[in-house]
Structure formats: structure tokens, C-alpha cells
Amino acid sequence: MSDQPAFSNTALTTPSTPALSETDYCLFNPTNLTYYRSSLLQGLELIENRMKTVKRPFSGILPRELAQQFEHLDLDQPCRGMNEALAELDRLYLEDAVYFHHPHYTAHLNCPVTIPAITAELIQASFNTSVDTWDQSGGGTFIEQRLIDWTANRIGFDSEADGVFTSGGTQSNLMAMLLARDNLSQHFWQHSTREQGLHPDAHRFRIFCSEVSHFSIQKAAALLGLGYDAVVPVPCDAYYRMDVTALTQAIETTREQGLLPMAVVATAGTTDFGSIDPIIPIADLSRREGLWLHVDAAYGCGLLTSSRHRHLLKGIEQADSVTVDYHKSFLQPVSCSALLVRHKHTLGCVTWHAEYLNPLCQRQEGTPNLVDKSLQTTRRFDALKLWLTLRALGPEAIGAAFDKVIHLARQGYLLLLSDNDIEILHQPQLSTLVFRYRPDMALSEAALDQLNQSIRKALMRSGEALVAATRVHGRQYLKFTLLNPDTRIRDVQAVLRLIKRHGAEALADHTPTNTQQPMEVAHVG
Ligand SMILES: *Cc1c(COP(=O)(O)O)cnc(C)c1O
């Protein structure tokens, strides 16, 4: 043909031999489906073998021990093929990975994940959809939007609501504080922060959140040019919930000081205690004071699908913005999170129309470009895993799983309460338990701190169980975070036995004649 280009691209897209040598790109395309399948099956085999043999949530390895294995690795010298690369990966990663599905993993807000979600991850990674614009996602945009609408509806927002998927609660909280800041500047001074930068008086803005709220609020304040000092920590009641009288007082005091209250953050499920701030009175107060109300439900969002405990979120529908982390209480792989807003127009402060990507004319034509409301540009299609979970299992399955861990935490509370060697700090509203080992003997507070720290280290070193640690009023505590609906009370009992054993051993080891301290375990003072 005369119009055949001199440089034919068919030569690029269709390898002359379908057989693959290891030096090929191994791209996901129709000619490589045989390799795709065999490669996935190899990966699958690796995963299954690990799952069958994992006995503990962790190997117990120390960072400096594992670092040695990475030392002589030359990334310029690849393995001889997928098999070898996977075998190496098994050694370097899976051997010493942390296994959240294990019933003795009780440390952080990590959940085991649903199988439909994993299938979705494979699908999304294969097609590599980016949900920033319609022209890179098509149906992906509608899947995300429907999940946003579904979540908004569960919150109790009306059709004015909107939202966007984010990388996590940290980004959701940052966005929420950004909207609150720009909203206040606009109302107070008719000042557009987006266009003109921070108003000179913005350093007077104040954000109120409980003293046990998440640190990402402070981080957001710093990033937004307001500084840590803009965050006013409000004291809690005996249940680690924000004290509304103290909040009222704090708002009044800041006004008297000539400062400008900007937002109140109510936490629905604090990271340490799972405590839920009294949303209804906080919402009433925020409305009276004309303040932005953000509800950080990164952890507590699981209640949105719970039939038994949904009432704990009452009042959340009055928020201006809500953070939800599906990767915490919806059994989703990291990352899967969203920010929801009561008024869709408030998301406008992150909109930028780029001619090459999302020109204004597309918006006017009604083309949905999710980048218009996101901090990110290229963005992973994280909505798909939640979609497939909901479509395959239904929301009741998620709610039932969350109900189960709440029940487990209540059983765990009674277990810890009845143990004379344990001091428990709070009755759980969600699924965490903060406690410390405190045997019936004369030990100073400092000694108790060291003892509990050494217990956590010894447990981690053994790999038999993982628990978290936190400080409350300056003292060292241990924490169970229960997010695995398959964990039983006997598992919690087993971890408690380990804690007490390591505690007793640490005490016994601390004798002047004993020089054989276990490696890396703190001396008990
Ligand atoms: C975990 C958590 C966050 C931060 O979420 P990431 O997804 O880890 O970024 C924010 N707020 C609360 C209450 C959390 O528990």
C-alpha cells in the first residue's frame, strides 16, 4: 500500500514470535496472555504456600538483621526469570512480612481483606485505569461516584453531597481542613486563599479537636500554613470522648483572645480508644458558633454498615465533611479511603482546569472528571475493590464483621478486667483495648513503663503475637486493636498469656547477677 507509513507500529505491538524471552518487556497485552496466566499462577502458588505455612504473625526479625540480606543485592543484576525473582521475594519479603490475617495480630488498625477485593486489585492493576479523568477511566468514574453517593447516603447526607476517594484518612483530613480554612477566609474576608494565598490573619484560625484525636489534624494545620498551634486540644471525659463543656469553654476563650475559631473535628472512633465524640451536641455547638464540623470516622466508619451499632454515629449527617477509611473497617486492602462533603460546591477549592486534562469546557458539557475534586492527579482506581466486595458480598457482610469485632472487644474487656495482673483503662465503644501489665508488687511508674515496653519488644521478637503500644498521660500502655472478625476470645486469651509470661520473665531477668539479658529487650528498672 502506498500510504503505509515507513515506520510501521505493528512491528512494535506484535512480537514476531509469541514466545517470550526473559528480556522482553512482559507487557500485559493479548499476545502475552499465556505468560500472564503462568506468571499469576506462580504468584498464586507463592501466596498459597505462605498462607499454608504461616504460623505466627511475624518472624521476629530485627531491622539490622534483615538489612544484611539487602546489603549485597545488586539491582542492576536481575534474577534469571520470574521463578527466581519470586523465590528471592519469598525470602526477602514474605519470610518477614507482618500477617494481618493471623488471629494473634492485634496491633494497629490493619484488617484482613476480602477475597473479592483482592480479585478487584488484580483487575484494576491489569487494566491500570486512572480515575482522574473520564477519558482515562470511563466506567471507573461511575463506579467511584456511585460508591461516594452510596457512602453519603449511609451517612445521611442528601443529594447535595459529594466526595472523592483519597489515599487515606490523612489526606481526607487534610482536605477537610483545607475546605474549612478556605471556606472561613471566603466568608470572613471574601478572600480566596486558592488565588491569593493565605490571608495575613489566617494565623489566628483555630481548630478544635479532642486531645486524643489523630495527629493528622496537626499535620494538616502545618501543611495549610496555620501551624500546630492552630490546633486546640480539648480535654476528654472519662471515656476518652471530647468533653463538650470544655469545647464550649475553649471556643469562648479563643474568641476572647482575639483568635478565630475555624473548625471542630469530632472523632468517631479514636485511634487508641475507639471512643466516639458526642456528635450531636458538638454539631449543635458548631452550628451555633458558625464553625465547620468535620467528623473523622476513619476507624468508626464501619458502623455505617452495622445493623446493631449504627446509632453510635447519630448526628454524623450534620457534618460538613466526613473522613472514612474503608481500609480500616471495611476489610479493604490499603489504600481505600474517602472524604465526603455535605455541599458539593465546597470541593471547588481544589479545582484546577488544565487544558490538556480537564478543560472547563468538559465540565460545562457535563463530562465527569474526578480530578476536579481531588488533591491527586493520576489516581489509582481504589474504588473497584470496595465495589466488588459490596456487589459480591453485600454491605451486611461488612457490618456483621464489624459487629463481631466490637463484640470480641467487649469479651476482651471482661477478660482483662477480671485479671489481677492487668490494669485496663477504658470500656471499649469499638474494638480497641488499652491496658498494661501490672502485677501485684511494688513497682514504680517508671518501672511499669519499662516493663510494658519490654513486653511488647519481647513479643515482637518472638513473633508469636503483635500488640501495639501507646502512652496515656505520660505512662506506657499496651493496646489490642481488634479488626479481624475471625479472631476468637481464645486467641485474645492466648495473647494475654504470652504478655503475662513475657512480663514475668522480664521481672525475673532483672536481677543484678543476671547478665544474660535477651537481645534487644529493655532492662526493667
Ligand atoms: C488511621 C486514622 C487516620 C489516618 O488515616 P490513614 O489512612 O492512616 O492516613 C486518621 N484519623 C483516625 C481517627 C485514624 O484512626
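Biologist: Which residues form one aromatic cluster here?

Modeller: Trp150, Phe165, Tyr326 and Phe330 form one aromatic cluster, where rings of Phe, Tyr and Trp (its six-membered ring) pair if their centres lie within 6.5 Å, and planes under 30 degrees apart count as stacked, over 60 as edge-to-face and the rest as tilted. The model is predicted, with local features needing pLDDT of at least 70 and side-chain atom pairs pLDDT 80 or more, while totals for chains, interfaces and linings use all residues. Residues are numbered from 1 along each chain as its sequence is written, and side-chain values use heavy atoms, leaving out hydrogens and water.

Biologist: How many aromatic pairs does the structure hold?

Modeller: There are 12 aromatic pairs in the structure. One of them is formed by Phe100 and Tyr105, a tilted pair with 4.8 Å from centre to centre and 55° between the planes.

Biologist: And is Tyr105 buried or exposed?

Modeller: Tyr105 counts as buried because its relative accessibility is 6%, and Phe100, at 28%, counts as partly exposed; buried means under 20% relative accessible area, exposed over 50%, and partly exposed in between, with a 1.4 Å probe and protein chains only.

Biologist: Why is the pair of Phe188 and Trp189 edge-to-face?

Modeller: The planes of the two rings, Phe188 and Trp189, stand at 85° with the centres 5.2 Å apart, so the pair is edge-to-face. Phe188 counts as partly exposed, at 45% relative accessibility.

Biologist: Changing topic, which residues are closest to the ligand?

Modeller: The closest are Gly169, Thr170, Asp296, Asp325 and Lys328, out of 15 residues that surround the ligand, a residue being near if one of its heavy atoms lies within 4 Å. The shell divides into two nonpolar, 10 polar and three charged residues, where Ala, Val, Leu, Ile, Met, Phe, Trp, Tyr, Cys and Pro count as nonpolar, Asp, Glu, Lys and Arg as charged, and the others, Gly among them, as polar.

Biologist: Which side chains have an N or O atom at 2.6 Å or 2.8 Å from a ligand oxygen?

Modeller: The side chain of Thr170 has an N or O atom 2.6 Å from an oxygen atom of the ligand, and the side chain of His327 has one 2.8 Å from a ligand oxygen. A polar backbone atom of Gly169 also lies 2.8 Å from an oxygen atom of the ligand. The protein covers 86% of the 380 Å² of accessible area that the ligand has on its own, by the Shrake-Rupley method with a 1.4 Å probe.

Biologist: Which elements give two or more residues to that shell?

Modeller: They are helix H7 (169-189) and helix H12 (326-329), and H7 gives the largest share, three residues. Helices (H or I, at least four residues) and strands (E, at least two) are DSSP runs, numbered from the N terminus.

Biologist: What about Thr389, buried or exposed?

Modeller: Thr389, placed in helix H14 (residues 383-393), is buried because its relative accessible area is 0%. Its side chain has a polar contact of 3.0 Å with that of Gln332, meaning a pair of N or O atoms within 3.5 Å, where, within protein, one must be able to donate a hydrogen and the other to accept it, and residues adjacent in sequence count only if both atoms are side-chain atoms.

Biologist: Where is Thr481, and which backbone oxygen does its side chain reach?

Modeller: Thr481 is in strand E12 (residues 475-481), and its side chain reaches the backbone oxygen of Ala107 at 2.6 Å.
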